[in-house]
Amino acid sequence: MPEQQLSLLSLVIGASVPVQLVMFILLLASMVSWLMIGQRWWYLRQMSGGFKAFEGTFWSGIDLNELFREGSVRLNDNEVVDGVENVFRSGFREFNRLTKNEGTDPDAVMEGTERAMRVALSREEEKLNTHLPFLASVASVSPYIGLFGTVWGIMQSFRGLATMQQATLAVVAPGISEALIATAMGLFAAIPAVLAYNRFSADADALYGRYDTFADEFTSLLHRRVHSS
Amino acid sequence: MRISNDLKKLAIYSLAGLFSVALHGFVVFLLLVGWTEKSSIKQVQRPNFVQARLIRMEPRAQAQDKRLAKKKAAAVKKRAEQQRREKARKKKAAERKKAERKKAVQKKARDEKVRRDKALKKKQADARAKKAAEQKKKEVQEKQAREVQRQQELQRQTRAQALASALDSEDEFLADEESGSLVQGYQQYIQQRIIANWNRPLSARRGMETILSIQLVPTGQVVGVTVLKSSGNPAFDLSAQQAVKKVGRFDKLQDLSQQSPRLFERSFRQFQLVFRPDDLRL
């Protein structure tokens with residue numbers, strides 16, 4: 001192999017500045033999106049595991065006051081109280097606060113409790129969906145950025161060709177190859193981002209649906225309690 | 001296990017970041033390793049580039065006959081101008097030379113006069129001096145002559161150079177002029193090939209001739225043959241046409257089209273051939 005100048009590294013280094021800039025942006029986007037993917041994956045796994053565990057303890061017949069106190073202890077220990085437990089805690093706290101003073105209208109109690117839980121729910125939803133817009137942006141934009149780099153690179157290489165006397169394939173090929181790297185990188189960044197976005201947004205939606213169901217069930221439970229007393 | 005909430009978050013982010021960096025590093029490494037292997041395969045296909053060049057030449061010559069003619073005219077004009085300029089230069093040089101010679105003669109005359117005057121005054125005493133002066137004069141003359149010669153040489157050289165560059169610039173044009181015999185040679189070759197593939201119809205008679213119009217592509221392949229002027233005998237015309245089709249491809253013309261595509265375009269892209277087989281026995 002006498003000639004090996006056409007290595008990937010030399011192509012990247014030899015690229016024109018705009019193409020290099022595009023490559024750099026895409027590399028950055030790819031790295032950050034993978035960071036987000038890792039973080040999201042871990043967080044959603046944590047949340048769905050936590051939901052299952054909490055639901056198990058909740059329906060095991062444990063005293064709700066006990067459950068609430070346990071959460072408070074953990075919170076005091078600086079541990080994370082996240083996900084559906086937050087919904088439960090904010091609802092239960094509001095319920096207790098409202099039922100403390102006698103003679104409050106049961107409907108008003110339920111309304112307040114529901115409102116508190118709705119707030120907690122929307123906060124949880126927000127947490128579930130963090131970084132997903134970024135992934136969506138990377139997924140949709142990075143192919144275009146890559147394409148821009150490619151078009152620019154090919155433009156340059158054809159412009160260079162215009163001054164040549166002999167237009168051989170060998171003259172244009174490196175430029176085009178170099179330019180195409182940008183598209184490849186754009187796709188490389190975009191494909192995992194698309195997959196991750198779809199996967200994670202579906203997961204987040206499913207989890208949010210489960211939170212919502214739990215909140216409804218919990219509301220009906222409190223409803224029974226407030227009207228029976 | 002008292003891990004602060006924020007610290008835990010940070011730990012997860014940095015873990016994810018580490019994963020991301022590692023993944024990218026791995027991918028880049030794979031690409032770098034895989035790429036060099038691919039590049040060696042690419043080199044094998046290099047020879048194809050030659051053909052790419054040929055394709056470029058063809059349409060230009062085909063499409064721009066008019067421009068070619070213009071270029072040729074420009075070349076002729078340029079040459080004429082160059083010749084004129086050269087003539088002027090030559091004239092100037094000759095004038096200069098003449099002037100120099102005249103000057104030399106004048107000087108000689110003056111010297112002689114002086115010498116004669118001097119000789120009148122002191123003949124014997126100046127004999128040696130005269131000799132020296134003569135020698136000196138001779139030297140000067142020689143020097144001048146050498147100078148003139150050198151200038152002439154220089155001029156000749158520049159002229160030769162100009163001519164060479166002119167030749168270069170209109171290389172094809174001159175080549176075309178020279179290539180008349182070349183074209184004839186190829187025509188003969190074509191004729192021979194056709195006759196070799198010709199089946200003589202029974203009705204063929206001596207003196208029959210038909211004019212065919214043949215279209216070739218640069219590979220020498222026949223793409224079309226039509227009868228322009230019939231011999232009066234349809235069977236003969238048909239046999240000639242069939243002979244051309246049977247030849248199919250004139251191999252030597254491919255070489256020609258590679259060596260000088262312009263000549264090919266002009267003389268053999270579409271040409272007329274007088275088909276007159278001489279070996280008719282009847």
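Two residues are in contact here if their C-beta atoms, placed from the backbone, lie within 7 Å. With that in hand, welcome to chain A, a predicted model whose secondary structure comes to 7 helices and 0 strands. The helix pair α5(A) and α7(A) gets a closer look below.

**Overall build**
- Along the sequence, chain A reads α-α-α-α-α-α-α.
- Of the 229 residues in chain A, 30% are buried.
- Take the contacts in chain A between residues at least 6 apart in sequence: 82% of them join residues at least 24 apart.

**How α5(A) and α7(A) meet**
- Helix α5 (residues 106-129) and helix α7 (residues 169-228) of chain A have axes that come within 10 Å and cross at roughly 165°.
- Angles over 145 degrees count as roughly antiparallel, so α5(A) is roughly antiparallel to α7(A).
- The crossing of α5(A) past α7(A) is right-handed.
- On the α5(A) side, the residues in contact include Val109(A), Met110(A), Met117(A), Leu121(A) and Leu128(A).
- Their partners in α7(A) include Leu207(A), Tyr208(A), Tyr211(A), Ala215(A) and Leu222(A).
- By type, the residues of this contact between α5(A) and α7(A) split into 13 nonpolar, 5 polar and 4 charged.

- The average pLDDT of chain A is 88, and 97% of the residues score at least 70.
- Among the elements of chain A, helix α2 (residues 17-58) has the highest mean pLDDT, 92, while helix α1 (residues 8-14) has the lowest, 79.
- Residues 1-5 of chain A have a pLDDT below 50, and this stretch has 5 contacts in the model beyond near neighbours in sequence.

Terms used: Residues are numbered from 1 along each chain as its sequence is written. Chains are lettered from A and ligands numbered from 1 in the order in which they are written. This is a predicted model: local features need pLDDT of at least 70, side-chain atom pairs count only at pLDDT 80 or more; totals for chains, interfaces and linings use all residues. Axes are lines fitted to C-alpha atoms, for helices over the stretch in contact, and angles run from 0 to 180 degrees between N-to-C directions. Helices (H or I, at least four residues) and strands (E, at least two) are DSSP runs, numbered from the N terminus. Angles under 35 degrees count as roughly parallel, over 145 as roughly antiparallel, 65 to 115 as roughly perpendicular and the rest as oblique. A crossing is left-handed if the near helix is turned anticlockwise from the far one by less than a right angle, and right-handed if clockwise. Ala, Val, Leu, Ile, Met, Phe, Trp, Tyr, Cys and Pro count as nonpolar, Asp, Glu, Lys and Arg as charged, and the others, Gly among them, as polar. A residue is buried if 20 or more other C-beta atoms lie within 10 Å of its own, exposed if 12 or fewer, and partly exposed in between; C-beta atoms are placed from the backbone. pLDDT is the predictor's confidence in each residue, from 0 to 100.
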